[in-house]
Amino acid sequence: MSDEVTTVAVEPLLRLEGITKTFGGVTALSDVTLDIRPGEVHALLGENGAGKSTLVNIAGGILQPSMGRILYDGKEVPHLTPSHASALGIAVVHQHPALLPDLTVEENLRVALPALFDDGTRTGSKARELLSVVGATCHPKDRVGALDLAERHLIELAKAFAVKPALLILDEPTAPLGPDATERLFALVREAAARGTAVVYITHRLAEVREIADVVTVLRDGRLRGTFAVDRITDAQLLSLIVGRDFASTFPPKRAAIADESTETALSVEALSGPRFSNVSFSMARGEIVGLFGIVGNGQSEILRALAGIGPSRGTVVINGERCSARRRRQLCAFIPPDRKAEGVFNGLSVRENVTLAALGRIESRGLVSRRQEREALLEVMSVLAIRAPSTDAPIEALSGGNQQKAVFARALLAKPAMLVADEPTQGVDVGARAEIYQLLRQLADEGVLVVVASSDAKEIEGLCDTVMVISRGSVIDVLRGDDVTEERIVTSALRATGHAATSSARGRASGATRLRRFLEGDYAPVFVLSLAIVVLGAVVFGRNHRFLEPFNLTSLLMSLAALGFIAAGQTAVLMTGGIDLSVGPLAGFVVVVGSFFLTEGFSVGSVILGFVLMVVAAAGTGLVNGGLIRGARFTPVAATLGTYIALQGLGFLLRSSPGGYIASSITGPIKHTVGAVPVVFIVLLVLTIVMELALRGSRLGMVLRGVGSDIESTRRLGVRVGATVVSAYVFGSLLVLLGGVVLLAQLGVGDASQGVGYTLSSISAVVLGGTSLLGGRGTFVGSLLGAALIVEMLNSTVFLNLSQTWQYLFQGLVILVAAAVYSQARRRV
């Protein structure tokens, strides 16, 4: 084209030169050269799978190019990493936000922007200041995982604008945002460009390119198709470059005069109400597409989830003449969620498994999946939706975001639903695929499937829907049909009804989670429950036997608690990263065995010192081996630590096949020393637990530890050295187990390799009782200590209540099951 940009006077801030990127045998980018200049908004367009996100990840240091050079400010950067990119002044807002769901909003900001929180300013005030820039209304103490997609994107934007970057890369930033938030973002982008910031803006919406960009580059099939001045190329030309063919119309023609053809009501909804919406009533005829529109956060998503039977609701829903309960609606409906990463795709499964999961009942033969039927159904639906995948057995994560969205639609098609409910159906989808999805939705409606959609794009609602319900504050405030379904009428109706009041309401909902709600969402609710349980159990046992609280028994209890408490703390440190350490029990026993050779009567001071040094080396070495196997050799945590479990247990019995090597009283005495009835080692455990808890909550190191367990990929994008963090956690955990082993050594007074084994299950039980998630990212050291206390108290109580050892295990197992169920349900409901 004659209008292609060839020379520009301003030197590029970033130059990606001859970039090629391959994944296995698949070429994602081929010889792409791109110049990004200061003060310029450079739009990047292309179909899903064209290579846009791959190019962004290379520019942000997340991926390394297979070939080509990266030049920043005229200098070559041979190996760009996320932390290096951040230091250069590059900020990336990813299509899927690099946020840690188990951390609060404030903690996420502190992990991503440590320099901004080191000035002594109160962290809560600083967080509010950063959030206000982008119009985010969530509370700094809200847990990110509890926020909706739009709020999470605003936090990601707040992180980027906070550092005032020299280069700002925005990947689909408006996909989940409403009109107000989008307009605010555009104003911020214009201000940044006016200050000289270079901006890369990736979008699938041509109207946004016209409004915000100066220059546009088109990628197709991993190759550069051209770079143009925005005011010198038409939309038709851009569409032709993007899809490789002439493009006629985005939206299929609507079905005319539905009411004249049939007055039969296919869907009737009466007084449907839920936590964030009320008294929603409407009906639709067969062949219609009904759309919901409103400012983000006004209840549209909740209404759709209730219609599909997967959200809490009350009211009447009649589908094809059948009054349907929520359970029946789940059977009849296919639901397309707005956040495909969280709810749409099953990571770890292949494309084939993701797509056919909803149709297993139709493709099985004699209880087994028929590969022939599966392949036929799969290829047909993938062909209809033009899903691009290396193969049907490729992991779903290998697909681009848009092709993942198509896979979600494919699964819905194979389910053959009576009703399709789609929340933001084209979010993150390119213009060509968007038209295909519109055509698919219209075809389904023509075939008799009831189609209800919600979208924050008024133009999409106008072009697709026959009837539009405008939602404000959870209520239907306007219904538009026929010629009244225009972008202007839709937006005007939403804004006039909502105005400032709705914005305040949304703000209240976003940030007004009560303190009680935040407490229940948080990690300290189990601490309260456990404290109450310990007091109640103690009172019951004391009521039955007063000797329970005698000094001798208290000392014995607290010594046992000290041993288990240290080991449980070590388990907690590892679990925070999403791992697990099965070797803690044998390690504690092995420490005792090593000590039994050097800490006996008659040995010199040098021998005692050597013994303790060897114990430290054994513990630290075990942690290094575990961490190295997991991060270096890519073992699963269970496999790696099970291997060290067996090895340590075998070494222990090899050194001490039977109990022997009595520990000197000069060693055990100081360890068992008490202040009143309280052992000194318990006081040490208590102080150390408080220090670790404060570090876990207040230091960036503690937040990073939890962040790795919360979302390892997002943590890596933030520039965190994930491998070093995980290995450090295993080493630190093993050193805490060493302290527990020293206490156990004093209790036993003899080398016995068999005595530590039981601590593996007991430590896991303690952390589960304390509320620490086995999936990582959540928990407290205080909770684990109290969990250990409850276990020790239960075991001790059975003696005073004259119960057999069988009851010890029954009580322990029952309490763990109840605690796990209560914690998971409480967190799910809030």
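On the side of domain 1, Pro176, Arg184 and Leu188 supply 29% of the area buried against domain 2, more than any other three residues.

A word on the source: this is a predicted model, in which local features need pLDDT of at least 70 and side-chain atom pairs count only at pLDDT 80 or more, while totals for chains, interfaces and linings use all residues. Residues are numbered from 1 along each chain as its sequence is written, and side-chain values use heavy atoms, with hydrogens and water left out.

The protein is divided into domain 1 (1-89 + 166-244), domain 2 (91-164), domain 3 (265-486) and domain 4 (520-828), with bounds that come from an automatic or database domain assignment. The centres of domains 1 and 2, taken over C-alpha atoms, are 24 Å apart. In contact (heavy atoms within 4.5 Å) are 21 residues of domain 1 and 17 residues of domain 2.

What polar links cross this interface? The rule finds six residue pairs in polar contact, both at pLDDT 80 or more; such a contact is a pair of N or O atoms within 3.5 Å, where within protein one must be able to donate a hydrogen and the other to accept it, and residues adjacent in sequence count only if both atoms are side-chain atoms.

Now to the strands, which are DSSP runs of E with at least two residues, while helices are runs of H or I with at least four, both numbered from the N terminus. Two strands pair if DSSP finds at least two bridges between them.

| Strand pair | Sense | Bridges |
|---|---|---|
| β1 (14-23) and β4 (67-72) | antiparallel | five bridges |
| β4 and β5 (75-76) | antiparallel | two bridges |
| β11 (265-274) and β12 | antiparallel | six bridges |

Leu16 stands opposite Ile70 in β4, and Tyr72 has Lys75 in β5 as its bridge partner. β4 and β5 form a hairpin with two residues between them, and Asp73 in the turn has a positive phi of about 55°.

Further along, four strands form an open antiparallel sheet in the order β12-β11-β14-β15. Its edge strands, β12 (277-285) and β15 (322-323), each pair on one side only.

Methods:
Buried area is the accessible area (1.4 Å probe) that two parts lose on being put together, summed over both.
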